[in-house]
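I opened this notebook to keep track of what I looked up, one entry at a time, for a reader who is new to the structure.

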Amino acid sequence: MKITEKIEVDTVTDVVCDVCQCSVRVAIGGFQFATLHAHWGYGAKHDGERYELHICEGCFFGTLAYLKQERRIHNMFSENDDKNELSDSFGLVAADDYFGDGA
């Protein structure tokens, strides 16, 4: 026997960048965004705080450029300054991974 009834279901209708407030919806359907997570634990200045930010592609790469520059500044006079670590692969863990399968 099949029993049916109408129920309300919450669904994501849009995702907005937390930086520029633009929608991250793409033309072919779906959403493209980065998520920045932080969960500060015991002993941290912000113990117990959790953060989650959704960032569009433009704001993500702007933030990444800022972090690269900060790293350059902090290591400018370091004897262990490795120029290769500051290349375009800074933070990159996979490339050409279109289906998220690591292949």
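Before reading the order of elements, I noted that helices and strands here are DSSP runs, a helix having at least four residues and a strand at least two, numbered from the N terminus. I also kept in mind that this is a predicted model.

**Entry: the chain as a whole**

I looked up the elements and found one helix and two strands in the protein chain, which follow the pattern β-β-α when read along the sequence. Turning to burial, I found that buried residues make up 10% of the 103 residues in the protein chain. The protein chain exposes about 9300 Å², and carbon and sulfur atoms supply 55% of that area. Of the contacts in the protein chain with a separation of 6 or more, I noted that 21% are accounted for by residues 24 or more positions apart.

**Entry: the core**

Which residues form the largest nonpolar core? I listed six of them, namely Val15, Cys17, Val24, Ile55, Cys56 and Cys59. I then followed Cys59 and, leaving aside its neighbours within four places in sequence, found Cys59 in contact with Cys17, Val19 and Cys20; Cys17 is also on the list of core residues.

**Entry: the aromatic pair**

I searched for aromatic pairs and found that the structure holds one. The ring centres of Phe60 and Phe61 are 4.9 Å apart and their planes stand at 85°, so I recorded the pair as edge-to-face, the cut-off for that label being over 60 degrees.

**Entry: Phe90**

I next turned to Phe90, whose place is in the segment after H1. Is Phe90 buried or exposed? Its relative accessible area is 18%, so I wrote Phe90 down as buried, the limit being under 20%. I also looked up the spacing between Phe90 and Lys68, which are 22 residues apart along the chain, and found their C-alpha atoms separated by 7.4 Å.

**Entry: positive phi values**

As background for this entry, I noted that most residues other than glycine have a negative phi. At 55% relative accessibility, Gln21 counts as exposed. Asp96 has a positive phi as well, of about 55°, although it is not a glycine. I found Asp96 in the segment after H1, where Asp96 is exposed, with a relative accessible area of 57%.

Methods:
Residues numbered from 1 in each chain as written. Predicted model: local features only at pLDDT ≥ 70, side-chain atom pairs only at ≥ 80, totals over all residues. Heavy atoms only, no water. Phe/Tyr/Trp six-rings, centres within 6.5 Å; stacked < 30°, edge-to-face > 60°. Core = buried A, V, L, I, M, F, W, Y, C linked by side-chain atoms within 4.5 Å. Buried < 20%, exposed > 50% of the residue type's maximum accessible area, 1.4 Å probe, protein only. Contact = heavy atoms within 4.5 Å. Areas by Shrake-Rupley, 256 points an atom, 1.4 Å probe, with all protein chains shown as cover.
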